[in-house]
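Topics follow in the order of overall content, pairing within each chain, and pairing between chains.

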Amino acid sequence: MLPNTIRKVITVVLFASLIFASPIKAIAQPIPINPFGVSYFQPKFGLNLGTFFNGEDFLFDFGLGLEELGYDFSINFNGSFRPYYKTVYFKESDKMYWQIEEKVVQFSLDLEKRFYFLEFVNSSKLGLYGILKVGYFYGTYKGLSKNRNQNFGITPGGGLSWQFSKMARLSAGYLYFNQNPYADPHTVNLKLSLYINNQD
Amino acid sequence: MKNLFKIILLVFTITLLSTSCNKTKSDICDTNKVCYTQAPDELYVKLELSTNPSAVPIDVKFYIGNMDNGKLYDHFYTNNNVEYFLMPVSENYTATARYIVEGDTVMVIDSDRLSNQSYKNCEETCYDWDDEIILNLKLSK
């Protein structure tokens, strides 16, 4: 069996190869395009992995679903979670506070629309995106059997979207993650989306 | 053909990612390694406390299980910064400590599981454990 370090190196190299399997042949000569223009219907299966974070918090975000490349929208089922316990404070009653360890989870339907305004010679595109995460949020706490702070909510966001290959897209933007009353709602959102595209 | 290669690469990468993190001690076959064949029945739960800002003894409760549906095992007042309990393994334990901070009551809650792990060394079942778990009942601000 290979040592763990070698396996990790191989994994990283393979992952990088996968992302850049359709290389960026040229990033020069950008062509302005109509951000509201659409093509024909090109539904693809996609998966995404990302994170949203700020100075106080960090969540992973994974999803899979529909990637529509002609009309530039996505509908994904996502799961987000904080991978560690964070110390939070509840105001339980007047003059009574709890200091407790919290993890949070959110399951959401992610609706994303992209508006590309630049296209490059190799068909890579740059534009803006808007996203709505419509989902169910809850917190789990050390020492408590029941989850708390369950709520349904809408998490809006937006930012820059770069479709850098025929099967991958990178997004960087802002997400207003306001479901958790014990954390700053302003987060940075980074996301890598991969989709199966059999068109050359 | 190129896309088939991409799909194979994707499947292979995901497979490798999923298998590269699950190496367990069951892979071990080392006759020189110390192997404890008996699991401990009891281990220590250590409670770490702050000094109460109001200088009165801290109200501490210790539960077997969770605070809201577990069994209250002990309730005491202390000025110590550390308390120990020798408790059976394979149970969750929760402790709470009440502090008075500027007229408000702050209850710190922490919980963990006292457990041991077993693994195979060659053909023998061995046990591994931490001597204690720590429940952090210190005020964090």
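Two strands are taken to pair if DSSP finds at least two bridges between them. By that criterion, strand E4 (residues 73–81) of chain A pairs with E6(A) in the antiparallel sense over 9 bridges. The model is predicted.

**Overall content of chain A**
- Of its 200 residues, 31% count as buried.
- Among contacts in chain A with a separation of 6 or more, 56% are between residues 24 or more positions apart.

**Partners of strand E6 in chain A**
- In the pairing of E4(A) with E6(A), A:Phe77 lies opposite A:Leu109.
- Strand E1 (residues 31–32) of chain A is joined to E6(A) by 2 bridges in an antiparallel arrangement, with A:Ile31 facing A:Glu119.
- Strand E5 (residues 86–93) of chain A is also antiparallel to E6(A), over 7 bridges, and A:Thr87 stands opposite A:Glu101.
- E5(A) and E6(A) form a hairpin with 2 residues between them, and A:Lys95 in the turn has a positive phi of about 65°.
- Strand E7 (residues 125–141) of chain A pairs with E6(A) in the antiparallel sense over 17 bridges; here A:Leu118 is opposite A:Leu126.
- The hairpin of E6(A) and E7(A) has 5 residues between the strands, among them A:Ser123 with a positive phi near 75°.

**Pairing between the chains**
- Strand E6 (residues 96–119) of chain A and strand E6 (residues 104–114) of chain B pair in the parallel sense over 4 bridges.
- Within this pairing, A:Trp98 stands opposite B:Met107, and A:Gln99 stands opposite B:Val108.

**Strands of chain B**
- E6(B) also pairs with strand E5 (residues 91–101) of chain B, in the antiparallel sense and over 11 bridges; the bridge partner of B:Tyr99 is B:Val106.
- E5(B) and E6(B) form a hairpin with 2 residues between them, and B:Glu102 in the turn has a positive phi of about 50°.
- An open sheet of 3 strands in chain B has the order E4-E1-E9 and mixed pairing.
- Its edge strands, E4 (82–88) and E9 (132–137), each pair on one side only.
- Neighbouring strands of this sheet are turned by 25° against each other on average, direction ignored.
- Strand E1 (residues 42–49) of chain B runs parallel to E9(B), joined by 6 bridges, and B:Glu48 has B:Asn136 as its bridge partner.

Terms used
Residues are numbered from 1 along each chain as its sequence is written. Chains are lettered from A and ligands numbered from 1 in the order in which they are written. This is a predicted model: local features need pLDDT of at least 70, side-chain atom pairs count only at pLDDT 80 or more; totals for chains, interfaces and linings use all residues. A residue is buried if 20 or more other C-beta atoms lie within 10 Å of its own, exposed if 12 or fewer, and partly exposed in between; C-beta atoms are placed from the backbone. Two residues are in contact if their C-beta atoms, placed from the backbone, lie within 7 Å. Axes are lines fitted to C-alpha atoms, for helices over the stretch in contact, and angles run from 0 to 180 degrees between N-to-C directions.
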